Amino acid sequence: LCADDMGLGKSCQALNYFFINPDIRPVLIVCPATIKLNWQREIEMWTGESSFIISGKKNQLIPVYPFYIINYDILAEELKIKVEGKKDKKVLKDSSWIFRLAAMGMKGIVADECQALMNPKAIRTKGFYALRKLNMNTKFIALSGTPIKNKPAEFFSILNMLDQKQFSNRWRYLHRYCDPRHNGFGWTFDGASNIEELHTKIQPLML
């Protein structure tokens, strides 16, 4: 996780990593829709290579490029299916881009503005989780000037994607680092606890 402040060159650092490692191709950049064109310019500037911007929610055959750029909101779609005797189950559609991209064998993934993935229930987060699981051997770089906006509970999703062995269980993480309190109806995790320990654990994962 590169967490430098805005304007200090996080995209430059990520792209130069891939520039000095030309064997790591193809690379997928996942970012907000508003900065897809900016990423295309940055890729050409720092690597001298071309890129393909992915658009539309339905996956389709795309040409071979060293870099691909997609926004979080079109990575995946959910489909409700009926399960007899139970509530409707939500699954990711087979037509989602995550499956096409996984089949293409991405060797590098960049998650820009990765704080967009802090809500585990959001479709974008579910889609990105699935993408990571299907590409576990890829080099993964997360970028954000604000990885934690308010509380450590928001940080688990990205920590899990960075190190699934050390941060494997959300419930244990919440109880250890998020000042758990039971209000008589359920648990809340709006605070922070054992922060020095958490800092020590994340230090090797974060610039």
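This section describes the fold, the nonpolar cores and selected residues of a predicted protein model.

The protein has 207 residues. Seven helices and nine strands make up its secondary structure. The radius of gyration is 18 Å. A compact globule with 207 residues would have a value near 17 Å, so the two agree. Along the principal axes, the C-alpha atoms fill a box of roughly 55 × 45 × 30 Å.

Of the 207 residues, 42% count as buried. Among contacts with a separation of 6 or more, 61% come from residues 24 or more positions apart. The accessible surface comes to about 11500 Å². Carbon and sulfur atoms account for 54% of that surface. The protein carries 29 positive and 20 negative charges.

The largest nonpolar core holds 41 residues. Within this core, five residues touch the most other members: Leu-28, Ile-70, Leu-101, Phe-128 and Tyr-173. A second core is separate and has 15 residues. Its members include Phe-18, Ile-69, Ile-141 and Leu-143. Ile-69 of the second core and Ile-70 of the largest core both fall within β3 (67-71).

Leu-101 was examined in more detail. This residue sits in helix α3, which spans residues 97-103. Its relative accessible area is 0%, so Leu-101 is buried. The cut-off for burial is under 20%. With residues up to four places away in sequence left out, Leu-101 touches Leu-28, Ile-54, Ile-70, Leu-75, Met-106 and Leu-131. Two of these partners, Leu-28 and Ile-70, are themselves among the residues that touch the most other members of the largest core. Asn-59 lies 42 residues from Leu-101 along the chain. The C-alpha atoms of Leu-101 and Asn-59 are separated by 8.8 Å.

Gln-60 belongs to the loop between β2 (51-53) and β3 (67-71). Its relative accessible area is 44%, so Gln-60 counts as partly exposed. Not counting residues up to four places away in sequence, Gln-60 touches Ser-55, Trp-97 and Arg-100. Trp-97 and Arg-100 fall within the residue range of helix α3 (residues 97-103). Lys-201 is 141 residues from Gln-60 in sequence. In space, the two residues are 40 Å apart, C-alpha to C-alpha.

Lys-80 lies in strand β4, residues 78-81. With 57% relative accessibility, Lys-80 is exposed. The cut-off for that class is over 50%. Lys-80 touches Asp-88, Lys-89 and Lys-90, again without residues up to four places away in sequence. Lys-80 and Lys-93 are 13 residues apart along the chain. Their C-alpha atoms are separated by 9.3 Å.

Asn-169 was found in the loop between α5 (156-162) and α6. Helix α6 covers residues 170-177. Asn-169 is partly exposed, with a relative accessible area of 29%. Phe-156 is 13 residues from Asn-169 along the chain. The C-alpha atoms of this pair are separated by 9.0 Å.

Backbone geometry was examined next. A cis peptide bond joins Arg-25 and Pro-26, with omega at about 0 degrees. Pro-26 lies in the loop between α1 (10-19) and β1 (27-31). Two residues other than glycine have positive phi values, Asp-179 and Asn-194. For Asp-179, phi is about 50 degrees. This residue is placed in the loop between α6 (170-177) and β8 (181-182). The relative accessible area of Asp-179 is 24%, so the residue is partly exposed. For Asn-194, phi is near 50 degrees. Asn-194 lies in the loop between β9 (187-188) and α7 (195-202). The relative accessible area of Asn-194 is 35%, and this residue too is partly exposed.

How values were computed:
Residues numbered from 1 in each chain as written. Predicted model: local features only at pLDDT ≥ 70, side-chain atom pairs only at ≥ 80, totals over all residues. Heavy atoms only, no water. Helix = DSSP H or I, 4+ residues; strand = E, 2+ residues; numbered from the N terminus. Rg over C-alpha atoms; globule rule 2.2 N^0.38 Å. Buried < 20%, exposed > 50% of the residue type's maximum accessible area, 1.4 Å probe, protein only. Contact = heavy atoms within 4.5 Å. Areas by Shrake-Rupley, 256 points an atom, 1.4 Å probe, with all protein chains shown as cover. Lys, Arg positive; Asp, Glu negative; His and termini not counted. Charge placed at Lys NZ, Arg CZ, Asp CG, Glu CD. Core = buried A, V, L, I, M, F, W, Y, C linked by side-chain atoms within 4.5 Å.
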